[in-house]
Amino acid sequence: MIDALAILAIFSGLFFFLSGSIGLLRLPDLFSRLHALAKADNVGLALVALGVIMLEPVLINDIKIVIIWFLVMAASAISSHLVARSALRKNRDDD
Amino acid sequence: MMSGGDSTSILTIALLIALNLLLFSLLIGLFRAWLGPSIEDRFSAILLLGTGGVAMLLILAILLQITALYDVALVLALLAVVGTVALTQSESNHD
């Protein structure tokens with residue numbers, strides 16, 4: 001039962017990952033690509049981490065997975081912000 | 001690899017399929033890194049590789065029962081943001 005729930009969570013996370021990647025490939029400009037990527041991927045990782053937590057019996061590893069998830073969220077927000085700011089600055093220099 | 005009853009092998013197959021789909025999603029991201037007209041598009045592909053790599057390592061840790069892979073995922077999450085920060089800062093100092 002818990003295995004079925006875990007597989008469901010992991011596969012719904014994969015749906016978000018795939019839609020984020022398709023958004024990265026298909027959307028017209030950089031800012032909409034970042035928008036698709038940063039949000040969809042973090043939801044995908046959250047769902048995959050939830051599924052892995054259901055399968056992992058050791059408590060300390062579960063805590064570690066939650067820490068990894070928060071770290072990836074912070075890292076992704078910071079990197080997206082830096083990439084968008086660098087692109088905006090470059091656009092302003094071109095004008 | 002996990003051994004045991006019927007439900008365990010279904011779980012193993014489901015996790016292997018999930019791993020392959022995740023790899024496919026990273027391949028789509030690499031395609032954007034190859035196309036990507038500006039350097040910021042390539043940064044965003046690196047962002048996708050970081051998040052997707054963490055998800056792959058979490059699934060691999062469950063699949064192979066190697067708990068050290070959680071630490072690898074933690075380091076990968078950190079290194080992805082360090083790489084992006086270094087690249088964007090060198091870009092902005094350039095002009």
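**Helix packing**

Mentor: Start with α1(A) and α2(A), which pack at an angle of about 165° with their axes 7 Å apart. That angle makes α1(A) roughly antiparallel to α2(A). Under 35 degrees would be roughly parallel, over 145 is roughly antiparallel, 65 to 115 is roughly perpendicular, and the rest is oblique. The axes are lines fitted to C-alpha atoms, for helices over the stretch in contact, and angles run from 0 to 180 degrees between N-to-C directions. Helices themselves are DSSP runs of H or I with at least four residues, strands are runs of E with at least two, and both are numbered from the N terminus.

Before we go on, this is a predicted model: local features need pLDDT of at least 70 and side-chain atom pairs count only at pLDDT 80 or more, while totals for chains, interfaces and linings use all residues. Residues are numbered from 1 along each chain as its sequence is written, and chains are lettered from A and ligands numbered from 1 in the order in which they are written.

Back to our pair: α1(A) passes α2(A) in a left-handed crossing. Left-handed says that the near helix is turned anticlockwise from the far one by less than a right angle; clockwise would be right-handed. Where the two helices meet, the residues divide into 20 nonpolar, seven polar and two charged. Here Ala, Val, Leu, Ile, Met, Phe, Trp, Tyr, Cys and Pro count as nonpolar, Asp, Glu, Lys and Arg as charged, and the others, Gly among them, as polar.

Now for the partner chain. The contact between the chains takes 40 residues from chain A and 38 residues from chain B; residues touch, in this sense, if their C-beta atoms, placed from the backbone, lie within 7 Å. On the chain A side, α1 (2–26), α2 (30–55) and α3 (59–94) each supply at least two residues. The most come from α3(A), with 17 residues. That side of chain A splits into 26 nonpolar, seven polar and seven charged residues.

What about chain B? It has three helices and zero strands. Buried residues make up 36% of its 95 residues. Buried asks for 20 or more other C-beta atoms within 10 Å of a residue's own, exposed for 12 or fewer, and partly exposed is in between, with C-beta atoms placed from the backbone.

With 20 C-beta neighbours inside 10 Å, Leu26(B) counts as buried. Leaving aside neighbours within four places in sequence, Leu26(B) is in contact with Leu48(B), Leu49(B) and Gly52(B). Gln65(B), by contrast, sits in the loop between α2 and α3 of chain B. It has 11 C-beta neighbours inside 10 Å, so Gln65(B) counts as exposed. The phi of Gln65(B) is near 60°, a positive value in a residue other than glycine.

Last, how far can you trust all this? Chain B averages a pLDDT of 84, and 86% of the residues score at least 70; pLDDT is the predictor's confidence in each residue, from 0 to 100. The model scores ipTM 0.88 and pTM 0.86.

Technical notes. Two residues are in contact if their C-beta atoms, placed from the backbone, lie within 7 Å.
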